[in-house]
Amino acid sequence: MDAEGLVASAAINLGLALVALSLFSLLKKQPGNAPVYRPRRMAAGGDGGAGLLPLGHGRLTPSFRWIGAAFRLSEEDVLRRHGLDALVVVRLFKFGIKCFTVCSVVGVLVLAPTNYTSEGRADIRRSNSMELFTVTNVTRGSDRLWEYKEITRRRIDHLKYHCKRPDQYIILVRGIPMCPDHGTYGCYVDHFFSKHYQTYQSYQIVHDIGNIEALQKLASSIDKQIKRKRETRKCNIWQRIWFKFTSEAITIHRQEEKLKDVQHAIRLLQCENMLKQKEVPVAFVAFKSRLDAAHAAEMQLLVNPLSLVTTYAPEPNDTIWKNLAIPFWRMAMYKLGVFVAAFLLIVFFTIPVTAVQGIVQFEKIKRWFPPARAVQLIPGLNSVVTGYLPSLILNGFIYLVPFAMLGMASFEGCIANSQKEIKACNMVFYFLLGNVFFLSILSGSLLDQLGESFTHPKDIPSRLASAVSAQSDFFITYILTNGMSGFSLEVLQFGLITWQFLKAHSLGHSKEPYLYGFPYYRVVPIVSLAILIGVVYAVVAPLLLPILLIYFLLGYAVYINQMEDVYEITYDTCGQYWPSIHHYIFLSVTLMQITMIGLFGLKSKPGASFGTIPLLVFNILFNEYCKVRFLPTFHHRPVQVAKQSDELDEAEGMTCDLDDAISAYKPPWMRPMNLESGSVQPLNV
């Protein structure tokens, strides 16, 4: 890619970002857009219009004060309002800001001038390529080549701070044997835990009710339709005409009758006799002591390890109820199916990546396919095609990957949404590492040498370094598009604001907020990939570093705003995302060091290559130390902390209402439904 292509990509992305951010700052000030831009505040009990200016006082002029407000928000405020998982994401962005601020200074002031002024390849200088600023321009033999503990502490403090969370007193028990005397699962649970644990309180058996959850969602949907149609009658004449036209097939009366039928079916499934027939060998067990709950969750209770399998209970709102009844043998089949589906997705993704790299290698396409030279007839089009189009296509496909991986993770039988999203997060990162990073390199410049790499394994670092250097300009445009365009469209919420506009002008204005959970599975792996690209290319292409700094600064401001106003924090795992983030950063540094070993070898500097090997060894040893020293704290709850919390509660005379705690673990289909339609009575269970 030449300099004109990079300039075209930067100009398009910068222009799109400025338009999107300006449009966002205008639309956010309008009260009618509160369901899109302030749903979290609306769901918390406000009207979503707090802080909005009256018409004529700045509501029609763009402003960027929200960016300054994002950087003024302290970590303690993030922890108090949104939990430790949200703080982990914030620290990920801060890590990128701090790391690439230092790297940018060194890269721009030292490495880039060093690479540019080197007496490198003449063909690069003649083509005005961006490789002038990369290590590729350095000649062979040139003398010019030469946070885990803190999050762990916060996790312990966070566990103490949330001392009354019900999941600290409750464990999940699976594989319960049938009671030989009474023929029920609940009886066995009660006998076993009352015999072996003095602080045992009670249990809540789990039922497999089948489609009752779908029936409840259907009832809620019908109720909302009835309410909306009644409100439409009071709207203006055009909306009344729309109502009359669309309600000819299904009237309000028919909807009410259908709702009553669905309610009756739900009542039949909720009756006591039906529940007894649908018991499964799974139960939530409550203890009066956190210490006993921790002991029971960590220990093997029976000689048969597949009976009375205990784990920590997820939060009630985090639980995936339908997966609790899945047997262990079926979960193994589900995991195999997910693996096959992920493999097929990887194979499919080679098509767009290869097509993207084909566009990047446009000079080769013109040699292979001469009619493609017609693109050069339009001034500037060649720069747009090679500079902006490849990264746009790749980011478009990548946007769909996290949703596909989340759908696959849903079939693995995870018992909690947090587990499902952490699984999806790991799947997305490794998918991006293999298909975006390595496949882009392979299809871009290493494909012709792949056979030689396998026949000569010792040359792999050198070939990897050569391929990485050749693809530096592509990854610069990728970061530009993913950062400037991606983050600005994220804060603009273009799809939702368009739907809100169409909905307001057809079905009437709706004040129901568009409230969704924070997308950890999408944010964490994509930002981690940006860190990997930055770490690997810090020495290879130093011009990428300032762009990455802008990437993290903009991303930090955007997602602080989204946490405050848009996304709902639906669960808090007390920092379970951090071990994954630490592993991603470790892989990034390891890959960079391997690349440097090969890079110094390419430049005929064997001393520098051998000098990098100890760094690689120390990096691996440090990662092993972190896994031994800090990782167990994230997989377990320390008994020491549980004991201290129990003693503190006893000294202060504080007790947890375990009846309320265990009742929180009743699935949604065992709770009353509160429907809003006046003519239909709510359920009484």
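Predicted model: local features only at pLDDT ≥ 70, side-chain atom pairs only at ≥ 80, totals over all residues.
Biologist: How many helices and strands are in the chain?

Modeller: The chain has 685 residues, and 51% of them count as buried. Its secondary structure comprises 30 helices and four strands.

Biologist: Is Glu75, which forms a salt bridge with Lys94, buried or exposed?

Modeller: The closest N and O atoms of Lys94 and Glu75 are 3.4 Å apart. The pair links distant parts of the chain, with Lys94 in helix 6 and Glu75 in helix 5. Residues under 20% relative accessible area count as buried. Glu75 has 17% relative accessibility, so Glu75 is buried.

Biologist: Is helix 18 parallel, perpendicular or oblique to helix 22?

Modeller: Helix 18 (residues 389-410) and helix 22 (residues 472-492) pack with their axes 9 Å apart, at an angle of about 55°. Roughly parallel requires an angle under 35 degrees, and roughly perpendicular requires 65 to 115. Helix 18 is therefore, relative to helix 22, oblique.

Biologist: What is the area of the nonpolar surface patch that includes Phe339?

Modeller: Phe339 is found in helix 15 (residues 328-360), and Phe339 is exposed, with a relative accessible area of 58%. The patch is made by Leu336, Phe339, Val340, Phe343, Leu344 and Val347, and its area is about 620 Å².

How values were computed
Residues numbered from 1 in each chain as written. Heavy atoms only, no water. Patch = residues over 30% accessible without salt bridge, like charges linked within 9 Å, V, L, I, M, F, W, Y side chains within 5 Å. Areas by Shrake-Rupley, 256 points an atom, 1.4 Å probe, with all protein chains shown as cover. Salt bridge = Lys/Arg side-chain N within 4 Å of Asp/Glu carboxyl O. Helix = DSSP H or I, 4+ residues; strand = E, 2+ residues; numbered from the N terminus. Buried < 20%, exposed > 50% of the residue type's maximum accessible area, 1.4 Å probe, protein only. Axes fitted to C-alpha atoms, helices over the stretch in contact; angles between N-to-C directions. Parallel < 35°, antiparallel > 145°, perpendicular 65-115°, else oblique.
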